[in-house]
Amino acid sequence: MGLVVFMAIGVYLLISLAVVAWTVVYAQKHGKRAWLWASAAAFVMYNLVFWDWIPTVVVHKYYCEKEAGFWIYKTLDQWKAENPGVMEGLVSYNKNPGGFNVDWPFQYKKEDDGHSKTIINHINERFDELFIQQDVTELVPIIRKENVLWDKNKNQAIARYVDFGTGNSVKNTIGPPGPLKFWLNNSSCMGGKAKQINFGKFYIQFKGAEK
Amino acid sequence: MSMIQDLFQQAQLAEAAYADFSNPNVSTANALQDANNGGSFSEAQAATFVADWSVVSHQPDTLNGFSATVFRIDKSLN
């Protein structure tokens with residue numbers, strides 16, 4: 001697949017060079033400024049493919065600075081103090097104890113005409129982990145990703161991690177190997193991976209006893 | 001198992017191998033459906049996959065682009 005992509009890029013580059021060269025010849029023949037016409041042709045050929053690159057990076061940066069982060073609203077000790085004896089009675093629903101990854105039973109829901117998707121992971125009788133993915137706009141491929149540790153009895157968030165990824169959309173996921181515009185791929189904001197790991201380490205404390 | 005079922009299993013395993021399972025606290029279902037992290041499974045695909053398979057080990061992308069995942073089947077598919 002990679003070879004096909006590189007060949008396609010090579011062919012497009014050759015076509016672009018041919019278009020620019022033809023434009024220069026045309027401009028010279030008709031007494032126009034060749035460098036101006038060549039620049040315009042190169043600009044058009046570039047933007048036919050890469051028009052959304054700069055807007056995606058700019059909008060991604062904006063959302064990362066404005067909304068991304070990891071917040072703990074209640075620590076385990078605070079929650080235990082408010083709910084004495086409850087944690088000791090919780091049993092983890094993990095289907096794969098001792099495995100490489102946790103495997104919670106889950107449900108999902110789709111909203112906003114397919115632009116928003118929520119996976120509801122059932123951690124135990126009391127807690128869910130929500131994984132919400134949402135397209136922030138239809139113009140550029142940016143997904144808002146949110147993980148929430150949710151107290152089902154009190155209907156409140158215990159912790160939240162928000163991140164943004166680019167290069168794909170919730171509604172039009174293409175793969176494998178992912179979207180064709182691979183240069184737009186960015187799975188998270190700067191420092192987002194570390195925050196995701198911290199969120200994982202935090203929420204797993206609430207899983208309860210393994211069966 | 002028929003050839004079509006066999007090919008289906010191989011195809012879904014190949015597709016699942018693109019997901020990022022490097023964080024042990026991210027559930028398999030989340031990883032399979034994380035659109036910006038190589039997860040391209042639909043909800044129904046993920047549910048079916050998780051019911052039958054689990055991750056045994058995962059090597060995330062190395063500097064030269066290699067990655068690998070070992071899956072274990074949790075029940076007979078015959």
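**Ground rules.** I number residues from 1 along each chain as its sequence is written, and chains are lettered from A and ligands numbered from 1 in the order in which they are written. Because the model is predicted, local features need pLDDT of at least 70 and side-chain atom pairs count only at pLDDT 80 or more, while totals for chains, interfaces and linings use all residues, and side-chain values use heavy atoms, with hydrogens and water left out.

**Entry 1, chain B as a whole.** I looked up the elements of chain B and found 3 helices and 2 strands, where helices (H or I, at least four residues) and strands (E, at least two) are DSSP runs numbered from the N terminus. From the N terminus on, their order is α-α-α-β-β. The radius of gyration of chain B is 12 Å, close to the 12 Å that the globule rule gives for 78 residues, so chain B is as compact as a globular protein of that length; the radius is taken over C-alpha atoms, and the rule is 2.2 Å times the number of residues to the power 0.38. Along the principal axes, the C-alpha atoms of chain B fill a box of roughly 40 × 25 × 20 Å. Buried residues make up 45% of the 78 residues, with buried meaning under 20% relative accessible area, exposed over 50%, and partly exposed in between (1.4 Å probe, protein chains only).

I went through helix H3 (residues 43-52) of chain B and noted Glu43(B), Ala46(B), Phe49(B), Val50(B) and Asp52(B) as buried. The buried residues of H3(B) pack against elements of both chains, namely strands S2 (106-111) and S3 (116-122) of chain A together with helices H1 (3-16) and H2 (28-32) and strands S1 (53-59) and S2 (68-73) of chain B; contact here means heavy atoms within 4.5 Å. I then turned to Gln12(B), which lies in helix H1 of chain B and counts as buried at 3% relative accessibility. Not counting residues up to four places away in sequence, Gln12(B) touches Phe41(B), Phe49(B) and Trp53(B).

I found 36 residues of chain A in contact with 31 residues of chain B. The area buried between the two chains is about 2600 Å², of which carbon and sulfur atoms give 48%; buried area is the accessible area (1.4 Å probe) that two parts lose on being put together, summed over both. Between chain A and chain B I count 4 salt bridges, a salt bridge being a side-chain nitrogen of Lys or Arg within 4 Å of a carboxyl oxygen of Asp or Glu. The side chains of Lys110(A) and Glu43(B) meet in a salt bridge at 3.8 Å, N to O, and Glu43(B) is also on my list of buried residues in H3(B).

**Entry 4, salt bridges in chain A.** The structure holds 16 salt bridges over all chains. In helix H3 (residues 53-67) of chain A, Lys61(A) and Glu65(A) lie 4 residues apart, about one turn of the helix, and they form a salt bridge with the closest N and O atoms 2.8 Å apart. Glu65(A) counts as exposed at 61% relative accessibility. By contrast, Glu146(A) and Arg144(A) are both buried, and their side chains meet in a salt bridge at 2.6 Å, N to O. Salt bridges that share partners join Lys66(A), Glu67(A), Arg144(A), Glu146(A) and Arg160(A) into one network.

Asp113(A) forms a salt bridge with Lys171(A), the closest N and O atoms being 2.9 Å apart. Asp113(A) lies in the loop between S2 and S3 of chain A and Lys171(A) in the loop between S6 and H6 of chain A, so the pair ties together parts that are 58 residues apart in sequence. Asp113(A) is exposed, with a relative accessible area of 60%, whereas Lys171(A) is partly exposed at 36%. I also checked the backbone: most residues other than glycine have a negative phi. Asp113(A) has a positive phi of about 55° although it is not a glycine, and Asn155(A) likewise has a positive phi, near 50°. Asn155(A) lies in the loop between strand S5 (142-151) and strand S6 (156-166) of chain A, and counts as exposed at 54% relative accessibility.
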